[in-house]
Amino acid sequence: MTTLALVPNVALAPRTTLGVGGPAQFFAEVTTKAALLEALLLVKERELELTVLGGGSNVVVSDRGVPGLVLRVALAGLKFEPVADGFVEVTASAGENWDRFVAECVARGLAGVECLSGIPGDCGGTPIQNVGAYGQEVADSIVRVDTIDRHTGVSQTVDRETCDFRYRYSRFKAEWRDVRIVTAVTFKLRAGGAPSLRYGELTQRFGDRAPSLAETRAAVLELRRAKSMVLDADDENTRSAGSFFTNPIVSEAQAEEVEQRARARGLAAQLKMPRFPSSEGIKLAAGWLIENAGFAKGASFGRVGLSTRHALALVNRGGASALDVLNAALTIKRGVLEAFGVKLVPEPEWLGFGDDELAELRAR
Ligand code: EPU
């Protein structure tokens, strides 16, 4: 017998940080695995499309809304389990707020996620795009991810290696996209461990001094706040999806070409182009490319703008539509392509859009 209520026509914009787009045809929130399984059965019975919504901090909802059932997986619970060699495995249910989880780990002296302070969204969303900031990413500490197959209802735990984590990527973004629902994530954190200090902006703050986990968290929150990258109702830049494009990873030769183009535009002489070597290639700074293609911080595209504090965040300045966001993103993509020959790729998930609408924006 089914007890789960599917509520028709529920506005989604207020459930996302960007705040655009239409309603869910049906909406339901589940707080237990049993209810989640029930929802999966209902979806099958009624032949509905299924879209899973997490914290809503990295999504753009179409103006038409989202057909079928939008399911919020609000599973709660944190479990701390000491394991060998001074480590603790922390299992966070998918619906746990990410920053509350980080705060709790820091308070307990567990090292490994402190640089990921202040990131909006839920724990369950973090493995999907391998959330990262300030020199840390969740792939550094995730040991396994509990999932449920949305078609069969079968639970499966996948280990870190199987997830194929890379920069802003995992198999959850590829072949597992419409198959696996994340129900919990387990992190292996070091008890009494030192914070990881790898990012220039962070290390500069402390000089030779070794800060505590709590000081590191405070410094990261301050840095993010200065870039309008924490949720704050009083901040004019707050209605965004964080970084709107991923930082492009290019070969040495392509990086050279971009630098040449920057020089030809008279830029590199006064402004050094940021380049970050990584295991996958040379990471360029999308924010820098956007600004130097001529889109200044605070630039306007109708009701959408660039954040006044960071050129990589698109902001809903009030009353923006999803189409406004899409058009602004396309204008920026075309501008950066023309200026530097680099195709920026958007970071957020697009819900309720057709592949054809997104083809140009997603082109690599
Ligand atoms: N830059 C500019 N103009 C700007 C913004 C940045 O020239 O308007 C330059 C900076 O001067 C710097 C470089 O770009 O040299 C990198 O900037 P920043 O340190 O702010 O980081 P980012 O590469 O823009 C990435 C992540 C953020 C994460 C920060 C901090 C991506 C797509 N974004 O941003 O993640 O918080 O590093 O580690 O990888 C997110 O994914 O939503 C997100 C906010």
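Threonine 147 is part of strand E11, which runs over residues 142-149, in what is a predicted model. With a relative accessible area of 2%, threonine 147 is buried, because buried means under 20%. A polar atom of the threonine 147 side chain lies 2.7 Å from the backbone oxygen of glutamine 156.

Serine 307 sits in the loop between E18 and strand E19, the latter spanning 314-316. Its relative accessibility is 1%, so serine 307 counts as buried. The serine 307 side chain reaches the backbone nitrogen of arginine 309 at 3.0 Å.

Two glutamates are placed in helices. Glutamate 215 is found in helix H4, residues 213-226. At 32% relative accessibility glutamate 215 counts as partly exposed, because that class lies between the 20% limit for buried and the 50% limit for exposed. Glutamate 215 and proline 346 are 131 residues apart along the chain, and their C-alpha atoms are separated by 32 Å.

Glutamate 256 lies in helix H5 and is partly exposed as well, with a relative accessible area of 34%. Its side chain makes a polar contact of 2.8 Å with the side chain of arginine 275. Between glutamate 256 and threonine 186, 70 residues apart along the chain, the C-alpha separation is 40 Å.

In soluble globular proteins, nonpolar side chains tend to be buried together. The largest nonpolar core of this model has 44 residues, of which Phe245, Ile290, Ile332 and Phe340 touch the most other members. The elements that give two or more residues to this core are helix H5 (252-264), strand E16 (281-284), H6, strand E18 (304-306), helix H7 (322-340) and helix H8 (355-362). The largest share, 10 residues, comes from H7. Domain 1 (7-73) and domain 3 (240-362) both give residues to this core, so the core lies between these two domains.

The ligand is the next stop. Which residues come nearest to the ligand? Of the 25 residues around the ligand, these are Tyr134, Tyr167, Tyr199, Glu291 and Ala311. By class, the shell around the ligand is made of 11 nonpolar, seven polar and seven charged residues.

For asparagine 247 the corresponding distance is 2.8 Å, and for histidine 310 the value is 2.8 Å. On its own the ligand has 810 Å² of accessible area, and the protein covers 83% of that area.

Strand E9 (132-133) and helix H6 (286-292) are the elements that give two or more residues to the shell around the ligand. The largest share, three residues, comes from H6.

Conventions:
Residues numbered from 1 in each chain as written. Predicted model: local features only at pLDDT ≥ 70, side-chain atom pairs only at ≥ 80, totals over all residues. Heavy atoms only, no water. Near = heavy atom within 4 Å. Polar contact = N/O pair within 3.5 Å; in protein donor to acceptor, adjacent residues only side chain to side chain. Areas by Shrake-Rupley, 256 points an atom, 1.4 Å probe, with all protein chains shown as cover. Helix = DSSP H or I, 4+ residues; strand = E, 2+ residues; numbered from the N terminus. Nonpolar A, V, L, I, M, F, W, Y, C, P; charged D, E, K, R; others polar. Core = buried A, V, L, I, M, F, W, Y, C linked by side-chain atoms within 4.5 Å. Buried < 20%, exposed > 50% of the residue type's maximum accessible area, 1.4 Å probe, protein only. Domains from an automatic or database assignment.
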